[in-house]
Amino acid sequence: METITLNNGVTLPALGLGVYQSAPEETADAVATALELGYRHVDTAAAYFNEKEVGDGLRRAGLPRDEVFIETKVFPSDYGFDETLHAFEKSTRKLGVDQLDLFILHQPRPGLFDRTLAAYRALEKLLADGSVRAIGVSNFKPSHLKRLLAEVDVVPAVNQIELHPYFQQPDVQSADAELGILTQAWSPIGGITFYPGPWREDRMNVMRDPTIAAIAETHAKSPAQVMLRWGIQHGRSVIPKSTNPGRIAQNLDVFDFALDDEEMTRIDALDTGKRAGVDPDEPRGDFYDRPIPEA
Ligand code: A2P
């Protein structure tokens, strides 16, 4: 498995298992299966409401703790300094671990930026005392990064954003690169372009894209594998979600082929500039106030 080195020297596998939208009752099996197949990175979030099941899967796989990179996210309802320290306790208890490899803010709250900053300062404290090995953010636009960096000491190691061939966010990627922040792709195979849910009605399903299908055929790989390979070759961290054992295995099988420059460029050219998920600047009523249960 290829690894990526973060700006503080910590390394993580280039590909990990995502569990957004993994039903709790399927999550432990998915995590245990992935770890048995060779995955060594799992990305979850307090607000996915499946951290306990991720922990069950980890224990079932029985690997030494330091062989698995565990990432989770604080939800905005837990932003604030003390609240975020407590969110760390909730997440680690649910996961059944003492230390997190990566702990990130789930979302900027542009209208409540003081609380966002206080939450980040709690991440800095957790980093300083060794409770977490790296800290970061998610869904931050360049404007949010700028506001954050004007006030804090530690440059985030990671910015996890919606990133698949139809929505590539070149402005965020450039800002991340300039600042030494790793861009981590959520929905790297475009699940957000076809999940049922309250998303944009004009979404196009990237899994059915003809350019990607043609490239996949050339390599005798699937469209999902081509999209993952494209992300990894661009130096990004990718965290495809699947609860299906065959697809979990398929998504890991992307290290025995390479896309050439022309294929990479053809996929780069598919960017529509239209996000399928929610704009981080959009106020969402009380969505971000949803409480995260105690462990
Ligand atoms: P499933 O869990 O049934 O496999 P993303 O991580 O980009 O959001 O994509 C996740 C979505 O893509 C889920 O709906 C998942 O369903 C599906 N998926 C995961 N791996 C593959 C694959 N290799 N081929 C097709 N669909 C996949």
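The model is predicted, so local features need pLDDT of at least 70 and side-chain atom pairs count only at pLDDT 80 or more, while totals for chains, interfaces and linings use all residues. Residues are numbered from 1 along each chain as its sequence is written, and side-chain values use heavy atoms, with hydrogens and water left out.

Start with strand β5, residues 69-74. Helices (H or I, at least four residues) and strands (E, at least two) are DSSP runs, numbered from the N terminus. In β5, 6 of the 6 residues are buried, so the strand is largely enclosed by the rest of the structure. Buried means under 20% relative accessible area, exposed means over 50%, and partly exposed lies in between (1.4 Å probe, protein chains only).

Now look at the partners of β5. Strand β4, residues 41-43, pairs with β5 in the parallel sense over 3 bridges. Two strands pair if DSSP finds at least two bridges between them. D43 has E71 in β5 as its bridge partner. Strand β6, residues 102-105, also runs parallel to β5, and 4 bridges join them. Here E71 has L102 in β6 as its bridge partner.

β4, helix α2 (residues 51-61) and β5 make a right-handed β-α-β unit. β5, helix α3 (residues 81-95) and β6 make a right-handed β-α-β unit as well. A crossover is right-handed if, with the strands pointing away from the viewer, the path from the first strand over the helix to the second runs clockwise.

F49 sits in the loop between β4 and α2. Its phi is near 55°, a positive value in a residue other than glycine. F49 counts as partly exposed, at 37% relative accessibility.

Move on to helices α7 (residues 210-219) and α8 (residues 223-233). They pack at an angle of about 95°, with their axes 8 Å apart. That makes α7 roughly perpendicular to α8, a class that covers 65 to 115 degrees, with under 35 roughly parallel, over 145 roughly antiparallel and the rest oblique. Axes are lines fitted to C-alpha atoms, for helices over the stretch in contact, and angles run from 0 to 180 degrees between N-to-C directions.

I212, I215 and A216 in α7 meet P223, V226 and M227 in α8. Contact means heavy atoms within 4.5 Å. By class, this contact has 6 nonpolar, no polar and no charged residues. Ala, Val, Leu, Ile, Met, Phe, Trp, Tyr, Cys and Pro count as nonpolar, Asp, Glu, Lys and Arg as charged, and the others, Gly among them, as polar.

A220 lies in the loop between α7 and α8. A220 has a positive phi of about 55° although it is not a glycine. At 69% relative accessibility, A220 counts as exposed.
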